[in-house]
Amino acid sequence: MEILKTEGLKKYYGKGTGLVKALDGVDLSVQEGEFVAVVGTSGSGKSTLLHMLGGLDYPTEGKVLVDGKDIFALKEMELTVFRRRNIGFIFQSYNLVPVLNVYENIVLPMELDGEKPDKGFVREVMEVLGIYDRRFSMPNQLSGGQQQRVAIARALAAKPAIILADEPTGNLDSRNSQEVMGLLKVTGEQFGQTILMITHNEALAQLCSRVIRIEDGKIWQPSFVSGKKRGGM
């Protein structure tokens with residue numbers, strides 16, 4: 001089942017000789033349960049792509065469909081609600097609320113949406129991520145790796161259609177980066193979660209089920225699975 005799709009996605013800045021084509025006609029498709037890496041150099045358009053996929057910024061042209069819904073056809077408030085319910089985010093800066101403990105940070109998006117957290121599922125997620133015994137700890141009492149585990153748990157807990165991860169290991173050392181990648185893969189498989197990760201780290205990208213390369217705002221090579229060519233989008 002197709003969870004995420006873009007059609008002719010473009011994002012332009014400036015005019016005339018100052019025109020920058022951050023995204024220049026991107027078409028991609030992500031199926032349910034995939035763990036996809038989007039790789040590219042600095043300025044390639046990968047972060048712009050993630051912002052478009054998450055409805056955090058509006059495109060110049062084109063469509064983004066999440067679970068069959070054209071997100072940019074929604075009004076601003078409708079988009080905010082849809083994003084909160086259907087798209088989970090993991091950022092390299094963790095974005096935890098410093099005055100809330102681990103459990104409170106994890107369930108915050110659901111409470112903002114007026115939903116009662118599934119306490120059993122939240123506990124299961126925390127146990128898989130190895131942070132259940134830290135559920136009453138404050139963010140400043142955690143290591144960087146532990147804080148990122150909390151961010152992963154927060155994204156998983158609401159059971160979104162897709163999780164978008166923006167350089168989720170960017171602030172971690174190599175050991176913690178490997179651990180976080182392993183946890184993303186394990187939790188994605190265990191909970192049937194679809195994950196799209198933006199990264200510049202080629203080695204970490206190879207741990208995903210599919211790799212897409214973007215340069216100069218365009219998808220420029222076929223995808224690969226386990227090192228073998230998979231064909232087009």
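The model is predicted, so local features need pLDDT of at least 70 and side-chain atom pairs count only at pLDDT 80 or more, while totals for chains, interfaces and linings use all residues. Residues are numbered from 1 along each chain as its sequence is written, and side-chain values use heavy atoms, with hydrogens and water left out.

**Stop 1: the open sheet**

Helices and strands here are DSSP runs, numbered from the N terminus: helices are H or I with at least four residues, strands are E with at least two. Two strands pair if DSSP finds at least two bridges between them.

Select β1, β2, β4 and β5. These 4 strands form an open sheet in the order β2-β1-β4-β5, with antiparallel pairing. The edges are β2 and β5, each pairing on one side only.

Now walk across the sheet. β1 and β2 are joined by 9 bridges. Show K10 and its bridge partner in β2, D24. Next, 5 bridges join β1 (residues 2-13) to β4 (residues 61-66). Here E7 stands opposite K63 in β4. Finally, 2 bridges join β4 to β5 (residues 69-70). L65 has D70 in β5 as its bridge partner.

Zoom in on the turn. The hairpin of β4 and β5 has 2 residues between the strands, and D67 takes a positive phi near 55° there.

**Stop 2: salt bridges**

Side chains of opposite charge can pair when their charged atoms come close. The cut-off used here is a side-chain nitrogen of Lys or Arg within 4 Å of a carboxyl oxygen of Asp or Glu. The structure holds 13 salt bridges.

Select E34 and R210. Their side chains meet in a salt bridge at 2.8 Å, N to O. E34 lies in the loop between β2 (20-31) and β3 (35-39) and R210 in strand β9 (residues 210-215), so the pair ties together parts that are 176 residues apart in sequence. Are these two residues buried or exposed? E34 is buried, at 9% relative accessible area. R210 is buried too, at 3%.

Select E202 and R213. The closest N and O atoms of this salt bridge are 2.4 Å apart. E202 sits in helix α7 (residues 202-205) and R213 in strand β9, so the pair ties together parts 11 residues apart in sequence. E202 is partly exposed, with a relative accessible area of 35%. R213 is buried, at 15%.

Select D113 and R85. Their closest N and O atoms are 2.7 Å apart in a salt bridge. D113 is in the loop between α3 and α4 (119-128), R85 is in helix α2, and they are 28 residues apart. D113 counts as buried at 13% relative accessibility, while R85 is partly exposed at 44%.

**Stop 3: two pockets**

On a 1 Å grid over the protein atoms alone, a pocket is an open set of points where a 1.4 Å probe fits, with protein on both sides within 12 Å along at least five of seven lines; lining residues have an atom within 4 Å of a point. Grid points are joined across faces, edges and corners, and a volume is the space filled by probe spheres set on the points.

The largest pocket holds about 420 Å³ of space. Of its 18 lining residues, the closest to the centre are R84, I87, F89, P109 and R154. Elements giving two or more residues to this lining are α2 (76-86), β6 (87-91), α3 (102-112) and α5 (144-157).

Colour by type: Ala, Val, Leu, Ile, Met, Phe, Trp, Tyr, Cys and Pro count as nonpolar, Asp, Glu, Lys and Arg as charged, and the others, Gly among them, as polar. The lining of the largest pocket divides into 11 nonpolar, 4 polar and 3 charged residues.

The second largest pocket has a volume of about 170 Å³. Its lining includes R84, R85, P109 and D113. That lining has 4 nonpolar, no polar and 7 charged residues.

Note on methods
Buried means under 20% relative accessible area, exposed over 50%, partly exposed in between (1.4 Å probe, protein chains only).
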